[in-house]
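Good morning, and thank you for making time.

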Amino acid sequence: KPIEESDIPQLPYLQAIVKETMRIHPPAPLLVPRTVETDVEVYGYTIPQGAQVLVNAWAIGHDPSVRANPTSFMPERFLDSEINIRGRDFELIPFGAGRRICPGLSLAIRVVPLMLGSLINSFVGSLKVELSQRSWTWMTSLALLYKRLSPSV
Ligand code: HEM
């Protein structure tokens, strides 16, 4: 059946895929440049007033001291984790954080899993035919992925 927004909370693996994708490929890897209003000290470094600051969300997401195998795509790492992408867990900030956090966050975290889930669902619709014709390996991968998304299938 077509995926609806109300199905998303019951699809933890789909949500984990979205988090893992945004960790490895944050759409805004350096967020948005900021300007420092007053001199500020961070870990012994003085950031002077007027300096432009870039927050490297990509590097934070790939920091090996924060998570194992940072270059591997492993949605499972988010399955039993409380980490979310709403800007409270600074190790995963694809939408930024604080006062200037992305105002489109609420829309995006609803629409992205819905679109991805709908895409996967559409491919699986033609899967049986494709598999019976010894289809391509990526179709097989999608089938395996779908099984993990929806254990009842
Ligand atoms: C996957 C989807 C999206 C991602 C990953 C994303 C990411 C971001 C990031 C990283 C920032 C900078 C936040 C910061 O520096 O702390 C930002 C700002 C912003 N985003 Fe998004 N965004 C997404 C979708 C959207 C959508 C759907 C909208 C509008 C409907 C939107 C509107 C904005 C606006 C207006 C800002 C500037 C906010 C400000 O500077 O006050 N974004 N976004």
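Predicted model: local features only at pLDDT ≥ 70, side-chain atom pairs only at ≥ 80, totals over all residues.

A residue is near a molecule or strand if its C-beta atom, placed from the backbone, lies within 6 Å of it, and of the 16 residues around the ligand, Ala28, Gly96, Cys102, Gly104 and Ala108 come nearest.

Residues are numbered from 1 along each chain as its sequence is written. The pLDDT, which is the predictor's confidence in each residue from 0 to 100, averages 87 over the protein, and 80% of the residues score at least 70.

Turning to the fold, helices (H or I, at least four residues) and strands (E, at least two) are DSSP runs, numbered from the N terminus. The protein has five helices and four strands, and along the sequence they follow the pattern α-β-β-β-β-α-α-α-α. Among these elements, helix 4 (residues 127-132) has the lowest mean pLDDT, 52, whereas strand 3 (residues 45-47) has the highest, 97.

Where does burial come in? I call a residue buried if 20 or more other C-beta atoms lie within 10 Å of its own, exposed if 12 or fewer, and partly exposed in between, with C-beta atoms placed from the backbone. Buried residues make up 15% of the 153 residues in the protein, and those of helix 1 are Leu14, Gln15, Ala16, Ile17, Val18, Lys19, Met22 and Arg23.

Finally, the two angles: most residues other than glycine have a negative phi. Leu31, however, has a positive phi of about 50 degrees; it lies in the loop between helix 1 and strand 1 (34-35), and it counts as buried because it has 21 C-beta neighbours inside 10 Å. Asn69 also has a positive phi, near 45 degrees, and is placed in the loop between helix 2 (57-61) and helix 3 (105-125), but with 9 C-beta neighbours inside 10 Å Asn69 counts as exposed.
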